[in-house]
Amino acid sequence: MHQISNWFMMPGGSTVSFSGVDTCLSSLKTCQTYISTGMDIVTNVALDLVESHNDMEEINKMETVMLEYAAVSREVNHYIEAVQDTVNQIKRDKPQTLPDLKDVVHEKFTALESTNSDLDLHRNEKIIHFKEQLEQMKAQFGLQSDAEENEVLEQVDEDIAVTQSQLFFICPITQEEMKKPVKNKNCGHIYEEEAILGMIQHKQQRKKKACCPKIGCNNREVKRSDLVPHEVLKRAIGSQSKQSRSTQ
């Protein structure tokens, strides 16, 4: 099949254009961006509820909303995968007669959806991050059962208590107090968002990999996709700053 821009030559000389498919996929990927933003907003609302000592039932409802978002995200991903697989199949098999693409996509989409399980939703990266941040926030404000508190105590100590002792939330790059801390999912170290992104960009321009700037860390490649906002720490820094100003 000879490709001419978005037009493809079929056996027998007929042509088919996938430009409409590209537009559809672009819209679906934009939708995924909106879903991701929505999940970030729900995470912040949940942390606000914990900080305000709201009823646990209201806080738990936020997890239900997050799972609903994750389900929609999974559905969109499956549809994108089904469309892309259909296009690749047409290009690869070069059928004499073009099949009904809608039917083929639907068949592939249905097959993907049939493998769904609740476990998939709990493996969603945003869900995992949401739970980690929420449990840390609960521990910080004393809204956990003893069992939950014991489960996350090590993580809280590592991400907050230890960081507090490290010269008042100092970024290892700027050596200044962080305002928008982000956590590296791989090594667990925390940096000022603007500083680490600037370092990554600078290294990329020189075609090099950015190493974790934390002294003693063996992480030899830090990528933008490795970084997640650390809302709990950000709030702790803000709280400490307010206390410092009030005592001056």
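Predicted model: local features only at pLDDT ≥ 70, side-chain atom pairs only at ≥ 80, totals over all residues.

Residues are numbered from 1 along each chain as its sequence is written, and side-chain values use heavy atoms, with hydrogens and water left out.

**Overall layout**

- The chain holds eight helices and six strands; helices (H or I, at least four residues) and strands (E, at least two) are DSSP runs, numbered from the N terminus.
- Along the sequence these elements follow the pattern β-β-β-α-α-α-α-α-α-β-β-α-β-α.
- The chain has 248 residues, and 35% of them count as buried; buried means under 20% relative accessible area, exposed over 50%, and partly exposed in between (1.4 Å probe, protein chains only).
- Of the contacts between residues at least 6 apart in sequence, 62% join residues at least 24 apart; a contact means heavy atoms within 4.5 Å.

**The largest pocket**

- The largest pocket holds about 520 Å³ of space.
- On a 1 Å grid over the protein atoms alone, a pocket is an open set of points where a 1.4 Å probe fits, with protein on both sides within 12 Å along at least five of seven lines; lining residues have an atom within 4 Å of a point.
- Grid points are joined across faces, edges and corners, and a volume is the space filled by probe spheres set on the points.
- The lining of the largest pocket has 22 residues, and those nearest the pocket's centre are Ser 36, Asp 40, Lys 126, Val 228 and Pro 229.
- Two or more lining residues come from each of α1 (19-51), α2 (56-93), α5 (125-140), α7 (193-205) and β6 (227-229).
- Helix α1 gives the largest share of this lining, seven residues.
- By type, the lining of the largest pocket has seven nonpolar, nine polar and six charged residues; Ala, Val, Leu, Ile, Met, Phe, Trp, Tyr, Cys and Pro count as nonpolar, Asp, Glu, Lys and Arg as charged, and the others, Gly among them, as polar.

**The second largest pocket**

- The second largest pocket has a volume of about 200 Å³.
- It is lined by 13 residues, of which Tyr 79, Val 83, Leu 101, Lys 102 and Val 105 are the closest to its centre.
- At least two lining residues come from each of α1, α2 and α3 (101-113), and α3 supplies the largest share, five residues.
- This lining divides into nine nonpolar, three polar and one charged.

**Nonpolar cores**

- The largest nonpolar core has 27 residues, and Met 39, Met 62, Met 66, Phe 130 and Leu 134 have the most contacts inside it; such a core is a set of buried Ala, Val, Leu, Ile, Met, Phe, Trp, Tyr and Cys residues joined through side-chain atoms within 4.5 Å.
- Helices α1, α2, α3 and α5 each give two or more residues to this core, with the largest share, ten residues, coming from α1.
- Leaving aside residues up to four places away in sequence, Leu 134 touches Ala 46, Leu 47, Val 50 and Ile 59.
- Another core lies apart from the largest one and has 17 residues, including Cys 171, Ile 190, Leu 227 and Ile 237.

**The aromatic pair**

- The structure has one aromatic pair; rings of Phe, Tyr and Trp (its six-membered ring) pair if their centres lie within 6.5 Å, and planes under 30 degrees apart count as stacked, over 60 as edge-to-face and the rest as tilted.
- The ring centres of Tyr 79 and Phe 109 are 5.7 Å apart and the planes stand at 70°, so the pair is edge-to-face.
- Tyr 79 is in helix α2 and Phe 109 in helix α3, so the pair ties together parts that are 30 residues apart in sequence.
- Tyr 79 is partly exposed, at 34% relative accessible area, whereas Phe 109 is buried, at 15%.

**Single residues**

- Ile 80 is in helix α2 and is buried, with a relative accessible area of 9%.
- Not counting residues up to four places away in sequence, Ile 80 touches Leu 25, Leu 28, Lys 29 and Gln 32.
- Most residues other than glycine have a negative phi.
- Gln 175 has a positive phi, near 60°; Gln 175 sits in the loop between α6 (146-165) and β4 (181-184) and counts as exposed at 51% relative accessibility.
- Lys 207 is not a glycine but has a positive phi of about 60°; Lys 207 sits in the loop between α7 and β6 and is exposed, with a relative accessible area of 78%.
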